[in-house]
Amino acid sequence: MNDQGRVVPAELARLRGSIDNVDAALIHILAERFKATQRVGVLKAELGLPASDPGREAQQVARLRRLAHEAELDPVFAEKFLAFIVAEVIRHHEDIAQGHAHRT
C-alpha cells in the first residue's frame, strides 16, 4: 500500500524499487567522484593551477553528449547535469585554492 491507503500494483512497486536502487547508486557514485575531484583540487592548488580547465571541460561535455546519445539519454540533459557537477567542482577547487593560499 502507499501513503493514501491504495494498493500499489506489483509492477509499479518493482519499478519504484529499481528507481530507489539507482538513486542510491547515483549518490555513491557522486560521492566517489567528488572524493577524486577534491584531491584534484588539492593538487591544482599545490601546483598553482586554475580551478577551471575550460579545455578539459569542453572535452568532457562532448564525451558525455556522445555517451548520452549512445545510451538513448537526452544529450541536452546530460550536458546540463555535467554543467551542474562541474560548477560545484570548480567552487570546491576555488575554496581549496583559497585555503591553500592562506597557508602559504
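Select the loop between α2 and α3 and find Glu72 there. Keep in mind that this is a predicted model. Check the backbone of Glu72: its phi is positive, about 60 degrees, and the residue is not a glycine. Most residues other than glycine have a negative phi. Is Glu72 buried or exposed? Glu72 counts as exposed because its relative accessibility is 77%, and the cut-off for exposed is over 50%.

Now step back to the element that precedes Glu72. Select residues 54-70, which form helix α2. Glu72, with its positive phi near 60 degrees, follows α2. While the helix is on screen, recall the general geometry. An α-helix has 3.6 residues a turn, so residues three or four places apart point the same way.

How does Ala97 count in terms of accessibility? Ala97 counts as partly exposed because its relative accessibility is 32%, a value that falls between the 20% and 50% limits.

Draw the line from C-alpha to C-alpha: Ala97 and Ala31 are 21 Å apart in space. Along the sequence, 66 residues separate the pair.

Next, show the whole chain as a cartoon. What does its secondary structure come to? There are three helices and zero strands. Starting at the N terminus, the order of elements reads α-α-α.

The C-alpha atoms fill a box of roughly 60 × 30 × 20 Å. What radius of gyration does the chain have? The chain has 19 Å, whereas a compact globule of 104 residues would have a value near 13 Å.

The accessible surface of the chain comes to about 8,000 Å². Carbon and sulfur atoms account for 61% of that area. Colour by burial next: of the 104 residues, 17% are buried.

Turn to contacts. Take those between residues at least 6 apart in sequence; 57% of them join residues at least 24 apart.

Finish with charge. Select the 14 positive and 15 negative charges of the chain.

Terms used: Residues are numbered from 1 along each chain as its sequence is written. This is a predicted model: local features need pLDDT of at least 70, side-chain atom pairs count only at pLDDT 80 or more; totals for chains, interfaces and linings use all residues. Side-chain values use heavy atoms; hydrogens and water are left out. Helices (H or I, at least four residues) and strands (E, at least two) are DSSP runs, numbered from the N terminus. The radius of gyration is taken over C-alpha atoms; the globule rule is 2.2 Å times the number of residues to the power 0.38. Buried means under 20% relative accessible area, exposed over 50%, partly exposed in between (1.4 Å probe, protein chains only). Contact means heavy atoms within 4.5 Å. Accessible areas come from the Shrake-Rupley method with a 1.4 Å probe; for residues, only the protein chains shown count as cover. Lys and Arg count as positive and Asp and Glu as negative; His and the chain ends are not counted. The place of a charge is taken as NZ of Lys, CZ of Arg, CG of Asp or CD of Glu. The expected span of a helix is 1.5 Å times one less than its number of residues.
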